[in-house]
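I opened this notebook to record what I looked up in one structure, entry by entry.

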Amino acid sequence: FTTNILMEETHIHWRNKQEKNAFRKLRTKRFVHTTAYDLNLLQATGMDVEFDLVFRAVGWEDVWNVVEQGSKLLTLEFLCTLQITDTGAKFRLFGKEFSSPWKDLSLLLAFNSQCVVDVDHALQDFDKLKFWREISGKIEIYRPHINDIHHLILRFMHKWLGFTLFPRPDFCTVRIDDLKLLYALVKRRKV
């Protein structure tokens, strides 16, 4: 039985310079705890008084103001270690590595299940090598770069994806997910 506690910055072990730099930038930002109950709604319905009486009866007087110091650090660890992969996202919490495919992650974040599109299912006929040949003229995919894309609109769309929807420091490298989205664009598939 182990208890996960994150109460001091020194408890977080950064594995690279990028994580350390992200932490330096975020650590000074204002952090606001999300309340479990909307106090305005409770007051408007008169439930604030009723809940208070019930909670006092069971010994939960402080249930209204639960602020856990470690949640800021845990949030910072999550944000500073969050990485986008070809299939989803990976991150660390309490120093432990987690990985989640996009579909599972969107469900964990409580997105509507109708909004979840299985890109691989929608693009079953996607052949990365064949599509790469079509848009670049290259026979194989070796360190694909934005300048390899011959069609100017597709090159622009790739750059736009890297700047806006999936921002990253190196938007010049063409990833497999980028190819899938460009393929969906060319084939006019909803993803």
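Helices (H or I, at least four residues) and strands (E, at least two) I took as DSSP runs, numbered from the N terminus.

I noted that this is a predicted model, in which local features need pLDDT of at least 70 and side-chain atom pairs count only at pLDDT 80 or more, while totals for chains, interfaces and linings use all residues. Residues are numbered from 1 along each chain as its sequence is written, and side-chain values use heavy atoms, with hydrogens and water left out.

Entry: fold and surface. I found nine helices and three strands, which follow one another along the sequence as α-α-α-α-β-β-β-α-α-α-α-α. Of the contacts with a separation of 6 or more, 47% join residues 24 or more positions apart. I read 24% of the 191 residues as buried, that is, under 20% relative accessible area with a 1.4 Å probe and protein chains only.

Entry: the largest pocket. For a pocket I used an open set of points on a 1 Å grid over the protein atoms alone, where a 1.4 Å probe fits, with protein on both sides within 12 Å along at least five of seven lines; lining residues have an atom within 4 Å of a point. The largest pocket holds about 1000 Å³ of space, and among its 32 lining residues W102, V117, V119, F166 and L181 lie nearest its centre. Which helix gives the most to this lining? I found helix 9, with six residues; helix 5 (102–108), helix 6 (119–122) and helix 8 (152–165) each supply at least two. The lining divides into 23 nonpolar, two polar and seven charged residues, where Ala, Val, Leu, Ile, Met, Phe, Trp, Tyr, Cys and Pro count as nonpolar, Asp, Glu, Lys and Arg as charged, and the others, Gly among them, as polar.

Entry: the second largest pocket. I noted about 440 Å³ of space here and 16 lining residues, with Q18, L82, Q83, I84 and P169 nearest the centre.

Entry: helix 7. In helix 7 (residues 128–136) I found F131, W132, I135 and S136 buried. They cover an arc of only 110° around the axis, which puts them on the same side of helix 7; the arc is that of the directions from the helix axis to the C-beta atoms. What covers these buried residues includes helix 8 and helix 9.

Notes:
Buried < 20%, exposed > 50% of the residue type's maximum accessible area, 1.4 Å probe, protein only. Contact = heavy atoms within 4.5 Å. Points joined across faces, edges and corners; volume = space filled by probe spheres on them.
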